[in-house]
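Here is a walk through one protein model, written for someone who would rather look at the residues than at a score table. Keep the viewer open while you read.

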Amino acid sequence: MLPEYFEFSLPTKLIYGIGIIGNISDTVKPFGKRKAILVTDEILVETGLVDKVKAGFKKTPIKIAGTFDQVPPNSTIDTVENCAAMAKQKGCDMVIGVGGGSVIDTAKVANLLMVKGGALKDHMGAYLLSSDDRLLPSILIPTTAGTGSEVTKVAVIADPENDVKLPFAEEQFLPQLAILDPALTTSLPGKLTAATGMDALTHAIEAYVDKEWSPASDALALHAVALISGNILQACAKPDDLEARGAMLAGSFLAGVAFSHSMVGMTHGIAHALGGVYHIPHGLANALILPEVMAYNLEAKVDRYADIAFAMGISYPQVIHHGRSLLHSNRLDLPTKLANLSGVDSLKEYINTGSHRARGMLASAIGSFGFIDAWVRKQAAVAAVEKVHTLNRQLAHLTGIPLNLKDAGVSDGLEKIEQVATTAMEDGSMLYNPVEPERDAVIAIIRKAYHTKAKPLPVSRDELRPRTSRREDKQITEVFKDSEMLYDILINFYELLKAHPEIGPKLAQSDLCVQFRYKNPTGIITIDAAGDDIKILKGEYDGSPEVTLTMNADFAHRFWHGKANLVTALTRRQVAAKGNVPRTIKLLPILKPSYDLYPKFLTEKGLGNLVLR
Ligand code: NAD
């Protein structure tokens with residue numbers, strides 16, 4: 001089934017890579033010469049992350065003309081206005097945001113204010129800009145995983161005078177470029193990793209069950225659920241694990257795109273109100289409210305929560321999950337009848353008190369009979385709620401995040417609960433919740449999240465994996481001092497390949513003429529194996545090579561070490577290829593032995609210092 005209408009767009013280009021911030025020159029070229037305001041906060045300056053980002057931009061035509069580092073968590077109207085004023089005063093024509101959601105939202109709304117002027121409140125609302133309104137070009141670089149704000153059309157700014165958070169939504173908030181570098185998130189402390197990660201999980205789950213779901217947001221949301229739920233414990237337990245950090249960033253981005261299309265729901269409505277009235281950090285408020293709202297929505301969205309359970313790794317019968325069950329094919333109508341049997345009822349009651357694992361196992365066993373589909377899916381859906389509770393408790397064990405609103409900072413015995421409920425009921429997110437949120441239910445959920453006596457839960461070893469090694473950041477760059485050195489090394493090396501007893505004959509058989517055009521320093525070398533002999537030619541070549549590969553000379557150096565993948569490099573536009581590319585790629589297996597030869601060749605030439613380890 002599809003919704004009657006849906007749309008999807010993501011004008012933002014996004015790049016991902018460990019340490020990629022040091023290698024953005026080519027990617028940012030289309031921006032040309034710019035004077036940018038860099039929006040960030042003091043902590044990120046202190047951690048040295050801002051310097052890392054600035055170093056990345058040093059090699060580009062984008063000049064950082066000013067740094068606004070006064071963004072507090074849950075940024076405010078004053079902050080945005082001060083940021084826009086500074087950017088104007090410095091004559092900036094570009095915005096770069098480096099930080100968590102508070103920074104990125106500030107960057108987005110300050111951009112709007114710089115272009116449109118006036119007071120911030122004049123711009124509050126959704127889609128007030130017309131399609132030909134342009135904001136300044138922007139690059140957003142998240143350091144939490146996260147809000148996904150780098151790919152969302154929304155921004156949230158606090159209005160401390162009125163204890164509310166103001167929503168802004170504009171298509172133009174989407175940046176031209178988002179940069180995801182897991183290395184920029186390893187300094188995020190455990191509690192923040194947990195809370196911001198649960199924020200991302202909330203985005204994914206709410207995007208999947210919301211009224212405005214679409215096939216596009218569904219696909220993104222479910223994969224986000226898998227990435228986040230599968231890596232959040234690891235990221236908290238092993239903060240330096242770049243694989244886990246990367247998976248969290250990717251999950252947060254996917255969840256951001258998903259909810260930017262299908263919107264969020266009641267969890268967010270309540271969390272925004274708790275943020276506005278009690279200043280509870282956004283991610284933490286979401287973490288505590290999410291399982292309660294899932295339970296509230298459950299009956300209306302059993303199938304969708306069952307899908308979420310599956311994405312979170314809770315197994316239940318695959319034969320049913322893939323829609324081949326007797327129930328789904330309408331051949332049997334047993335489940336409802338079975339569900340009414342007293343024996344099953346007492347069984348259900350027994351399972352309802354068990355852990356999500358026990359439930360999954362039992363559901364598997366019973367489901368293999370293949371005829372109580374609805375009941376099995378319901379157990380899986382309930383298991384999804386339990387899994388979120390469990391994750392919160394495990395995160396509390398790993399990082400010390402609070403498990404109830406009292407410990408999270410509500411210190412007045414919930415005196416302002418009516419105000420929170422009123423604010424929540426007026427929040428735009430409530431419109432998208434699959435079940436109409438009732439005020440009494442909102443109050444009951446807040447009370448439950450305040451009073452719960454949940455305890456931290458140790459994480460078993462099998463839920464974590466060994467830390468993946470920190471990838472070597474160190475790279476030798478600008479290997480070839482000048483064209484002469486490039487020719488001396490590469491031409492001699494290609495001659496060696498030609499004479500090699502294994503590689504030479506296979507190259508000759510390839511019948512291929514490949515030209516390499518190097519940059520930094522420049523050089524042109526053609527390997528012509530089209531005739532009887534293989535010719536290695538220096539400089540312009542007057543024939544027509546079957547393939548021309550243009551690349552940085554440093555890339556060639558990495559390639560001949562076997563450390564650069566040509567196919568990936570083509571995707572990343574690190575290599576431009578003209579001609580019959582597939583035929584060239586088929587040559588790659590022939591070249592494999594050369595990856596050992598190149599370092600040896602360099603060492604024998606007295607250039608061991610250039611060998612990549
Ligand atoms: P945050 O931006 O408020 O940051 C929390 C703290 O983490 C800050 O003190 C910050 O300095 C620190 N921090 C961030 N990255 C760090 C790093 N790598 N190392 C060390 N410290 C680091 O937290 P957040 O959860 O990312 O953002 C919350 C804000 O985002 C809220 O205002 C929320 O309403 C908003 N939000 C926006 C969207 C959206 O789509 N625009 C979505 C969800 C939430």
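Pro-521 sits in the loop between strand S10 (513-519) and S11. Helices (H or I, at least four residues) and strands (E, at least two) are DSSP runs, numbered from the N terminus.

A word on the source: this is a predicted model, where local features need pLDDT of at least 70 and side-chain atom pairs count only at pLDDT 80 or more, while totals for chains, interfaces and linings use all residues. Residues are numbered from 1 along each chain as its sequence is written, and side-chain values use heavy atoms, with hydrogens and water left out.

**From the loop into the hairpin**

Strand S11 (residues 523-528) runs antiparallel to strand S12 (residues 535-538), and four bridges join the two. Two strands count as paired if DSSP finds at least two bridges between them. S11 and S12 make a hairpin, with six residues between them.

Asp-511, in the loop between helix H20 (503-510) and S10, has a positive phi of about 65° although it is not a glycine. Met-263 also has a positive phi, near 70°, and is not a glycine either. Its loop is the one between helix H8 (242-262) and helix H9 (266-278).

**How covered are these residues?**

Here are some relative accessible areas, where buried means under 20%, exposed over 50%, and partly exposed in between (1.4 Å probe, protein chains only).

| Residue | Relative accessible area | Class |
|---|---|---|
| Cys-83 | 1% | buried |
| Cys-236 | 9% | buried |
| His-561 | 9% | buried |
| Met-263 | 23% | partly exposed |
| Gln-574 | 28% | partly exposed |
| Asp-511 | 43% | partly exposed |

His-561 belongs to the loop between helix H21 (553-559) and helix H22 (566-571). A polar atom of its side chain lies 2.8 Å from the backbone oxygen of His-557. Polar contacts here are pairs of N or O atoms within 3.5 Å; within protein, one must be able to donate a hydrogen and the other to accept it, and residues adjacent in sequence count only if both atoms are side-chain atoms.

Gln-574 comes in the loop between H22 and strand S14 (575-579). The C-alpha atoms of Gln-574 and Asn-552 are separated by 7.5 Å, although the two residues are 22 apart along the chain.

**The cysteines**

How many disulfides does a search of the whole structure find? The count is zero, with a disulfide taken as a pair of cysteine sulfur atoms within 2.5 Å. Take Cys-83: the closest cysteine sulfur is that of Cys-92, 9.0 Å away, so the gap is too far for a bond.

**A three-stranded sheet**

An open sheet of three strands has the order S5-S8-S7, and its pairing is mixed. Strand S5 (125-126) and strand S7 (154-159) are the edge strands, each with a single partner, so one side of each has no neighbour in the sheet. S5 pairs with strand S8 (residues 164-169) in the parallel sense, over two bridges. Ala-126 has Ala-169 in S8 as its bridge partner.

**The ligand and its shell**

Now turn to the ligand, which has 31 residues around it; the closest are Asp-41, Gly-101, Ser-102, Thr-144 and Thr-152.

An N or O atom in the side chain of Asp-105 is 2.8 Å from a nitrogen atom of the ligand. For Thr-143, a polar side-chain atom lies 2.8 Å from a ligand nitrogen. Leu-188 uses its backbone instead, with a polar atom 3.4 Å from a nitrogen atom of the ligand.

On its own the ligand has 870 Å² of accessible area, and the protein covers 94% of that (Shrake-Rupley method, 1.4 Å probe). Helix H2 (42-46), helix H5 (101-116), S7 and helix H6 (190-209) are the elements that give two or more residues to the shell.

By type, the shell holds 12 nonpolar, 14 polar and five charged residues.

Methods. Near = heavy atom within 4 Å. Nonpolar A, V, L, I, M, F, W, Y, C, P; charged D, E, K, R; others polar.
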